[in-house]
Amino acid sequence: MTQREAIFPAGRHALYEEHEYSAAIKSGDLLFVSGQVGSRSDGTPEPDFEQQVRLAFENLKATLAAAGATLDDIVDVTSFHTDPEKQFDTILAIKHEVFNTKPYPNWTAIGVTWLAGFDFEIKVIARIPTAK
């Protein structure tokens with residue numbers, strides 16, 4: 001049986017403790033990252049939408065790094081959007097900055113009505129690179 005290991009980025013344990021979930025779970029060479037949002041250090045949403053999306057990606061990078069992975073190790077992305085029609089141009093521009101070389105990860109975008117005060121959330125599955 002494969003062991004599960006909880007992964008947490010530095011300085012964000014309180015957010016996960018308060019809501020009782022792990023930032024990510026490592027199982028074998030796979031990393032399952034919980035939805036990352038554009039939360040500021042105090043856990044509140046970044047009010048500017050573009051900055052909220054950028055901060056969500058920064059929080060994602062920190063979680064990946066805590067497991068020894070990077071954005072290049074992502075194989076599958078699911079994103080959640082409170083107003084996709086109005087938000088998509090901004091998200092696509094940032095997505096192009098973050099994932100600017102092929103092969104791109106799989107990506108599923110889902111419109112939702114509520115994200116606990118946030119307007120964008122991103123969850124991923126990544127393969128953790130083997131040590132060389």
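How many bridges link strand 4 and strand 5, and in which sense do they pair? Strand 4 (residues 74-81) pairs with strand 5 in the parallel sense, over six bridges. Two strands count as paired if DSSP finds at least two bridges between them. Helices (H or I, at least four residues) and strands (E, at least two) are DSSP runs, numbered from the N terminus.

A quick word on the source: this is a predicted model, where local features need pLDDT of at least 70 and side-chain atom pairs count only at pLDDT 80 or more, while totals for chains, interfaces and linings use all residues. Residues are numbered from 1 along each chain as its sequence is written, and side-chain values use heavy atoms, with hydrogens and water left out.

Contact means heavy atoms within 4.5 Å.

The loop between helix 3 and strand 5 holds Pro 103, and the peptide bond from Lys 102 to Pro 103 is cis, with omega near 0°. Another loop, between strand 5 and strand 6, holds Ala 116, whose phi is positive, near 55°. Most residues other than glycine have a negative phi, and most peptide bonds are trans.

Over in strand 2 (residues 24-27) you'll find Ser 27. Not counting residues up to four places away in sequence, Ser 27 touches Thr 2, Gln 3 and Phe 32. Ser 27 and Thr 2 are 25 residues apart along the chain, yet their C-alpha atoms are separated by 6.3 Å.

Here is how two of these residues come out for exposure (buried is under 20% relative accessible area, exposed over 50%, partly exposed in between, using a 1.4 Å probe and protein chains only):

| Residue | Relative accessible area | Class |
|---|---|---|
| Ser 27 | 23% | partly exposed |
| Ala 116 | 46% | partly exposed |
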